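Please open the structure in your viewer and keep the selection tool at hand.

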Amino acid sequence: MAIHQPVDFENNVSRALKDTQLIRNIQSAMDTLVLKRKTVFSDAAEIEKLRALGNSIKTNALGKLPELLQQLEEKCTANGIQVHWAETIPEANQLVLDIMKSHGATRLVKGKSMVSEEMELNAYLQAHGIEALETDLGEFIIQLNNETPAHIIVPAIHKNRDQISKIFHDNIPDAPYTENVDELNAIARQTLRKKFEKADVGLSGVNFAVAETGTLCLVENEGNGRMCTTAPPVHIALMGLEKVIEKLEELPPMLRLLIGSATGQLITTYVNMITSPRKPGEKDGPKEVHLVILDNGRSKIYADPQRRQTLYCIRCGTCLSHCPVYNRIGGHAYGYIYPGPIGKILNPQVEGLEAAGVLATASSLCNACEEVCPVRIPIPELIRRIRNESYSNDPDSAVAGHGYKRNWIESLTWKMWAVANTYPLLNAIGLRILGFLGAKLPKVGPLKHWTRYRKAPEFAPRSLHELVKQIGVDHE
Amino acid sequence: MSKQSRDRIFARLMAGSRQAATQTVTLNPMPAKTYQRAEKIDRLKTLMEAMRTEVHITNASGWVEQLEDILKQREMDSLVYPPQTALGEALESHWEKDAGGLPQLIPYETEIEAFKAKLFTIDAGITTVAGAIADPGALILWPTDKEPRLMSLVPSVHIAVLEADSIYSSFLEAMQAGKWSTKMPTNVVLISGPSKTADIEMTLAFGVHGPRELIVLILES
Amino acid sequence: MRTYPENPQKVYFFGTCLVNMFYPEAGLAGIKLLQQHGVQVIFPSQQTCCGQPAYNSGFPDEARRVARKQMDLFYKDCPIVVPSGSCAGMMRHHYPKLFAGDPRLDEIRSFSERIYELSEFLVHALGIKLEDQGPPLKVTWHSSCHALREMAVTQDSKALIRQLQNVELVELQDEVDCCGFGGTFAVKQPAISAVMVKDKIADIEQTGAARLITGDCGCLMNISGAMQYQNKSIRGQHLAEFIWERINGNSPTG
């Protein structure tokens with residue numbers, strides 16, 4: 001049903017930090033992705049101009065989101081694509097099930113779709129007797145191992161080839177044990193080819209939906225996306241409602257940003273642009289194309305001008321790759337489908353602060369993500385906003401669970417901090433006392449956490465204020 | 001149910017639009033990259049070869065002979081092709097003269113429902129392309145009723161015949177010159193090489209679900 | 001590209017709370033470096049903190065309260081030099097955001113325009129020349145994330161170190177990696193922070209440096225504190241104090 005339990009972040013982190021193989025796998029892969037991105041965007045002036053353009057395109061598109069969605073729906077419908085709207089995850093799942101049932105379909109082949117992960121679609125369909133088979137290699141691997149993706153772009157990156165060999169050998173009938181990457185790929189190709197041929201329905205995500213022409217754009221390297229959207233007689237496309245852009249001509253720069261950021265390529269193997277189902281006279285392609293547009297909290301995020309920027313995300317995953325925290329704990333520790341910096345701002349807004357607000361504390365505000373986000377989402381600013389909301393007692397706040405962290409100790413501490421830093425005499429006296437007591441302070445709370453790994457800082461016997469009085473400095 | 005959800009979603013979005021209205025930002029488009037003809041061909045070839053495409057620049061008058069050489073180097077039983085097209089007719093007349101050592105020509109002439117099982121056993125498919133893009137190095141596949149989509153996807157080898165004059169400098173140029181926004185077909189696919197993945201340990205491996213091999217014949221007139 | 005005042009005669013110095021409390025020698029060194037170059041330094045005696053701790057933790061009202069106090073103190077139209085990329089970044093880039101919609105936003109913006117991190121000021125406004133009087137020494141440099149990304153002064157800091165003829169600067173392998181301080185992050189997510197500082201220390205060790213130089217006291221407290229906890233012999237030091245020591249031929253005071 002995709003109603004999530006609050007994430008047990010502390011335990012997740014603890015477990016992840018102990019899993020040295022996991023962290024080795026993740027860091028090695030992220031180093032590669034970071035380097036590839038740097039290489040493909042080697043012209044510093046050019047990438048900044050491109051990011052500014054990406055930000056402008058998204059600003060404009062979201063500025064008229066209802067109009068563009070309306071236009072998208074009209075164009076798609078005129079082209080023969082059936083458009084469905086799902087406010088919640090259960091509705092979205094039901095829509096997919098209904099389409100399958102209307103065709104008596106039991107076999108679904110899936111291209112990679114983060115929205116379908118958000119929906120937990122596979123489990124839902126399986127519970128209704130439908131085989132929902134992942135065909136993207138990374139997703140195929142984690143499906144065999146009954147896991148969720150560890151990264152937005154490379155879902156199985158937390159596994160090394162030994163682990164994958166074992167997963168294949170244990171779960172695919174007649175698969176020989178091999179650690180050779182080409183051989184592993186060949187096994188996947190062979191296994192899935194029959195499935196493509198026989199599938200009743202194919203499902204995909206949507207990278208960009210173009211309102212001007214009613215076109216669904218989907219990028220991929222493997223060819224499974226083309227297979228899922230062309231071989232079966234029915235194609236279902238899933239998208240979040242924030243994925244619409246206005247004009248076809250906006251695709252080239254957006255694709256350059258997405259692909260360069262996600263995989264460090266100039267272009268993926270395939271860029272699919274789908275505008276209609278099979279037309280009379282055409283010999284193949286799905287006879288029915290459905291577009292399911294999912295809300296799941298996005299329209300609520302939309303209403304706040306600052307938080308709206310969360311919806312600029314094009315799901316490139318590069319913020320994850322550059323994040324020092326993600327690189328230490330991997331994707332699963334975040335507890336929700338979207339990990340990393342984007343997860344820190346998206347999940348609390350969708351799931352509510354009580355469930356997911358803790359994720360916003362898992363950032364040192366280093367700005368590495370902001371530096372590389374292709375659409376210039378001010379992620380650290382939004383992390384601060386989520387933190388503000390966590391303590392806020394503003395009755396007009398629209399964020400679910402706002403103020404959940406409010407407690408008299410922290411409120412009082414910060415008030416006292418503000419007083420001490422506004423009245424210099426108090427400040428000076430306080431420092432005197434701390435200078436005296438400093439080393440003898442009980443190691444509780446923050447000091448306890450600090451001194452577990454570090455020597456406690458020593459208050460200087462004389463502060464800078466006192467020292468400057470001795471040298472020739474104008475004090476004012 | 002979908003209609004009520006739609007109404008509720010739109011109600012929230014419209015309210016959000018009113019509450020947080022934004023100014024339209026002027027777009028600063030990227031400077032267009034343009035190349036001369038020779039450089040376009042060279043770029044396309046270099047970039048596609050880097051992605052393991054096999055690229056042959058050949059004379060427009062002798063391309064079928066070139067194709068014959070390519071096919072004879074590989075042991076292939078069958079080649080699916082589009083009949084009732086210039087490409088198809090050229091192939092048919094060549095095969096009629098002498099099909100020795102060549103794969104069997106299989107026309108894609110019925111709806112897929114009657115052809116799917118067969119198609120999945122065919123070794124190679126040959127198609128034209130609507131053009132290509134020099135930067136970032138991709139073919140523009142524009143399937144039609146005569147050249148169906150699965151021809152370039154299901155067989156393990158895809159042979160694409162491209163006219164050198166139809167190479168554009170950039171994706172944007174191709175869209176604008178071709179007025180795509182006024183006439184998007186059922187499906188357009190940019191293809192930059194044979195299928196690949198790096199999902200396992202970021203190690204690049206070719207030939208996953210799409211064709212394992214992509215062979216491009218660039219026809220120079 | 002940022003423009004710098006030519007031939008500044010008078011500057012304000014904003015010490016920062018961490019310098020004031022824990023590393024006053026670094027602040028003093030910064031002031032002396034400016035004075036030695038003939039610049040008159042004004043140190044408003046009521047200054048305290050830029051407000052960043054509250055701003056980052058979800059208490060913007062308290063941050064604003066403290067920020068307003070600082071801005072009132074630095075009212076003259078002269079540059080404000082700050083021995084910290086983090087605090088400089090706060091006052092230069094975040095004050096306008098913190099006070100978005102404030103009727104005094106224009107004044108606040110002019111305040112922010114006058115903020116300079118110490119390294120960039122020494123290099124670009126003063127064109128400082130350093131004569132190294134100290135013995136041969138190998139050091140490595142750590143940039144705070146805000147010095148690196150917000151203030152973009154890392155190259156300036158390293159240029160200063162490179163002026164010192166007897167000092168060998170060996171760069172970290174993962175220089176842009178966060179050390180794990182992040183203010184309250186270090187105590188709210190202590191386990192993750194600990195791994196980050198551990199990795200940073202391993203990187204520092206592999207350089208073979210005897211000293212870790214940095215321009216930010218938050219990072220210094222974090223890395224130095226962890227190195228001491230791990231009984232490492234490598235010493236951490238603030239850039240200003242290090243430069244002052246080198247140009248005066250002082251031997252390190254333990």
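Select strand E9 of chain A, residues 270-274, together with strand E9 of chain B: five bridges join these two strands, which run antiparallel. Strands here are DSSP runs (E, at least two residues) and helices likewise (H or I, at least four), numbered from the N terminus; two strands pair if DSSP finds at least two bridges between them. Within this pair, find Ile274(A), which stands opposite Asn187(B).

The model is predicted, so local features need pLDDT of at least 70 and side-chain atom pairs count only at pLDDT 80 or more, whereas totals for chains, interfaces and linings use all residues. Residues are numbered from 1 along each chain as its sequence is written, chains are lettered from A and ligands numbered from 1 in the order in which they are written, and side-chain values use heavy atoms, with hydrogens and water left out.

Next, display the whole contact of chains A and B. Chain B contributes 81 residues and chain A 95, where contact means heavy atoms within 4.5 Å. About 7800 Å² is buried between the two chains, 59% of it from carbon and sulfur atoms; buried area is the accessible area (1.4 Å probe) that two parts lose on being put together, summed over both. In chain B, select Asp199(B), Ile200(B) and His209(B), which lose the most area to chain A and together account for 11% of what that side buries.

How many salt bridges are there between chain B and chain A? The count is nine, a salt bridge being a side-chain nitrogen of Lys or Arg within 4 Å of a carboxyl oxygen of Asp or Glu. One joins Arg278(A) to Glu111(B), with the closest N and O atoms 3.4 Å apart.

Now turn to chains A and C. This contact takes 60 residues from chain A and 70 from chain C, and the two chains bury about 5800 Å² between them. Five salt bridges cross this interface. Select Glu62(C) and Lys415(A), whose side chains meet in a salt bridge at 3.8 Å, N to O.

Finally, select His322(A), in helix H14 (residues 318-322) of chain A. Is His322(A) buried or exposed? His322(A) counts as buried because its relative accessibility is 18%; buried means under 20% relative accessible area, exposed over 50%, and partly exposed in between (1.4 Å probe, protein chains only). The side chain of His322(A) reaches the backbone oxygen of Thr318(A) at 2.9 Å. Leaving aside residues up to four places away in sequence, His322(A) touches Val34(A), Arg37(A), Asn327(A), Ala368(A) and Val372(A).

Conventions:
Polar contact = N/O pair within 3.5 Å; in protein donor to acceptor, adjacent residues only side chain to side chain.
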